[in-house]
Amino acid sequence: MSQTESYLAHKGFKSWALTMDHKRIGVMYLVTTHLFFLIGGFLALLLRLKLLSPGPALFSAHTYDVLFTMHGAMMIFLFIIPAIPSSLGNFFIPLLIGARDVAFPKLNLFSYYLFVSGILVILISLVQPIDTGWTFYTPFSAENSAAVTTVSFGLFLVGMSSILTGLNFIVTIHTLRAPGMTWYRLPLFIWGMYGTSVIQVLSTPVIGITFLLLVAERLFGVGFFDPAKGGDPLLFQHFFWFYSHPVVYVMILPAMGIISEVIPCFARKPIFGYKAIAYSALAIAFISFLVWGHHMFVSGMSTTAGVIFSFLTFFVAVPTGMKIFNWIATLYKGSISLDSPMLWALTFIFLFIIGGLTGLFLGSLATDVHVHDTYFLVAHFHYTMMGGTVMGLFSGLHYWYPKITGRMLDERWAKHAWWMIVVGFNVTFFPMFILGMQGMPRRYAEYPAKYHSLNVLATVGSWLLAVGIVIMFANFIRSLNRGAIAPANPWEALTLEWQVPSPPPEENFEVIPTVTDWPYSYGKETGDTRGK
Amino acid sequence: MASKEKAGKGAPVAARLGIWTFLATELLLFGGLFTAYTVFRITYPDLFHQEHLKLNRLLGALNTVVLLTSSLSMAVAIAAIRQGKKRLMQAGIVLTLVLAAAFLAIKYMEWTEDFARGLYPGSNLFFGLYFVMTGLHGLHVIFGMCVMLYLVVQGQRNRFSADYHTPVEITGLYWHFVDLVWIYLFPLLYLIG
């Protein structure tokens, strides 16, 4: 086997199913998670279609409950949490730090199969599909007849996969950096992934035990969450959000990492405030563990606790704001080229500012009472998760597509898709802010006629969004064979993955590189660099 | 292969960091249970006191001794292989395995006794916690036994030496953690006030 042979050279099912190459495992995650993105997106289209009419239409209210539960659970657990870390993280962490693979390649493959077995278990539950919402609140989830036990077990497996992936990354980043790759020379994507992995490792076990307790509740009748037996449903919410709040940063930190790579490259300027961006990732990871109570302001928590959680929630916005300022400062006076990765990165900044600031409305005690569980919240988290994470993911996909596949994307179609998605996204979700302010509650299959027109607008937006996504995926698939052959470094980027051929050889580096500089000395042509 | 190449140098460091990270997850997994315990014990102090009297303290104490001894034999195994004493290592691990099995046997007796007296996980919150906590701990003991069995087989094949014994060491760390969890479980469940 020659050293320079592409990692894609070997063909056949076994060469993929038994691979320990982090790149192939990354690609397998990429395909699996995006499959669920498309399915989950299709379910969302059905939901929006139903909401076109205020009254009963299309399917029953129960089916509506099932569909929004499946949409939420699929998008959260099977797509957005693993989407960037397990796929792009797996593929690029070793390449970016100058390593040949992750620290534990076998464990990496094992994690993938845990993920797949979790998915299979969850699919079994479709016999009696759950209608609890993705939050599984007790006592409803403990008492209803749907297959909550099966889903809990499936998600437990998915969670274990997430933990082991995070563990693998932490150890990889600590032990396998190339000579000269000091912590302050690490690409910022790595800092983001490091923060992500810490959250994955420390928060996922808590949802694990929560699901186990829920199963114990259902199978053995232990009453931890059942008031009739002296238990406390609020305890479930505390456990659930102790995981599920930090995990929104598992979703966003890797996306922020991607943005930190793309912005300096396409602005041809050194990143502004490297250390601030790096440490803000760790600060976000740390503070994220202390804010879970803001999901429970109206659940019957004490006012004192509410005030503290509200304060901490505002606090977590500080490092997030720092990042945004740093990216904008990087753009200032840069030589900006608007290639598709950059378009997505700028979209991320724009939409995430809206998503982030509306989060502060929800984090304030008084306004939260008004907008809690309304469409305002739905709009907020779609602006952060889809407008933030998914736009960051798209940026990363367009940025790294040439490296992963060895082909260039069709830039024209990439931009058509971009227009459609950005317009469609805003037309779909912006009306929801207004609907929420007007008091329309989430999770209802029917609604009063006064909310009709904005709902129609949102549904039309969802169609534009869908068309844009289809164009984008068509471009991804079509370019696999028809795209122009990608050079090693089409964006003239400075990080290590671009210094090897596209697609990279199986061993990544023929010789492990020695690193002498940080990867952001852009703008040498104009003499405008940090000059290290 | 890339992985082989790495296994030479950085592997012990990586494995040790890996197992400590893993133990951090385990800590938070059990942390959920300890939180639930704290909440309910503060809410229902009388129930906890009255119900815990139904547990068999003698068997619980015996199990503590058994598990502590198994940690000792595990430590002996690690110290032995560090000096290249392979047979002593094998003996240490086999003894740990036997003690772990004894622990489970005693636990089994306790649970049978409880069931016979009509004490089930659904009986009340204390017994709910008791069964879930000791049950999850028991699963960890079983998992540890599987790993130790693997170590014994590998040891028979002469895989470990003074130079290479990372698997033994990280299994040891795991086993001490399992022991440590029990050290907290025992007073919290058996020795309330």
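Is R268(A) buried or exposed? R268(A) counts as buried, at 17% relative accessibility, where buried means under 20% relative accessible area, exposed over 50% and partly exposed in between, with a 1.4 Å probe and protein chains only. Some notes on the rest follow.

1. Ground rules. This is a predicted model, where local features need pLDDT of at least 70, side-chain atom pairs count only at pLDDT 80 or more, and totals for chains, interfaces and linings use all residues. Residues are numbered from 1 along each chain as its sequence is written, chains are lettered from A and ligands numbered from 1 in the order in which they are written, and side-chain values use heavy atoms, with hydrogens and water left out.

2. Confidence. Chain A averages a pLDDT of 94, and 98% of its residues score at least 70; pLDDT is the predictor's confidence in each residue, from 0 to 100. A stretch to treat separately is residues 527-532 of chain A, where pLDDT stays under 50. For that stretch the model has 10 contacts beyond four places in sequence, a contact being heavy atoms within 4.5 Å.

3. Back to R268(A). This residue lies in the loop between α9 and α10 (274-287) of chain A. Helices here are DSSP runs of H or I with at least four residues, strands are runs of E with at least two, and both are numbered from the N terminus. R268(A) has a positive phi of about 50 degrees although it is not a glycine. Over in chain B, N158(B) is not a glycine either and has a positive phi of about 65 degrees. N158(B) sits in the loop between α6 (125-156) and α7 (166-190) of chain B.

4. Cis peptide bonds. Most residues other than glycine have a negative phi, and most peptide bonds are trans. The bond from T138(A) to P139(A) is cis, with omega near 0 degrees, and P139(A) is placed in the loop between α4 and α5 of chain A. The bond from S502(A) to P503(A) is also cis, with omega near -10 degrees; P503(A) belongs to the segment after α16 of chain A.

5. A helix pair in chain A. Two packed helices are described by the angle between their axes and the distance between the axes. Helix α7 (residues 188-220) and helix α9 (residues 246-267) of chain A pack at an angle of about 170 degrees, with their axes 7 Å apart. That makes α7(A) roughly antiparallel to α9(A). For the cut-offs, angles under 35 degrees count as roughly parallel, over 145 as roughly antiparallel, 65 to 115 as roughly perpendicular and the rest as oblique. The axes are lines fitted to C-alpha atoms, for helices over the stretch in contact, and the angles run from 0 to 180 degrees between N-to-C directions.

6. What meets what there. On the α7(A) side the contact residues include L188(A), F189(A), G192(A) and I199(A), and on the α9(A) side they include V250(A), L253(A), P254(A) and E261(A). The residues of this contact divide into 11 nonpolar, 7 polar and 1 charged. In that scheme Ala, Val, Leu, Ile, Met, Phe, Trp, Tyr, Cys and Pro count as nonpolar, Asp, Glu, Lys and Arg as charged, and the others, Gly among them, as polar.

7. The core. The largest nonpolar core has 237 residues, and F77(A), L88(A), F136(A), F348(A), F394(A) and W400(A) have the most contacts inside it. Such a core is a set of buried Ala, Val, Leu, Ile, Met, Phe, Trp, Tyr and Cys residues joined through side-chain atoms within 4.5 Å. Helix α3 (residues 61-97) of chain A gives the largest share of this core, 23 residues.

8. T135(A) is found in the loop between α4 (105-124) and α5 (140-143) of chain A and is buried, with a relative accessible area of 6%.

9. I170(A), in touch with both chains. I170(A) lies in helix α6 (residues 148-175) of chain A and counts as buried at 7% relative accessibility. Leaving aside neighbours within four places in sequence, its contacts include Y194(A), V198(A), L17(B) and T21(B).

10. Chain B overall. Chain B has 7 helices and 0 strands, and its C-alpha trace spans about 60 × 30 × 25 Å along the principal axes. Buried residues make up 49% of its 193 residues.
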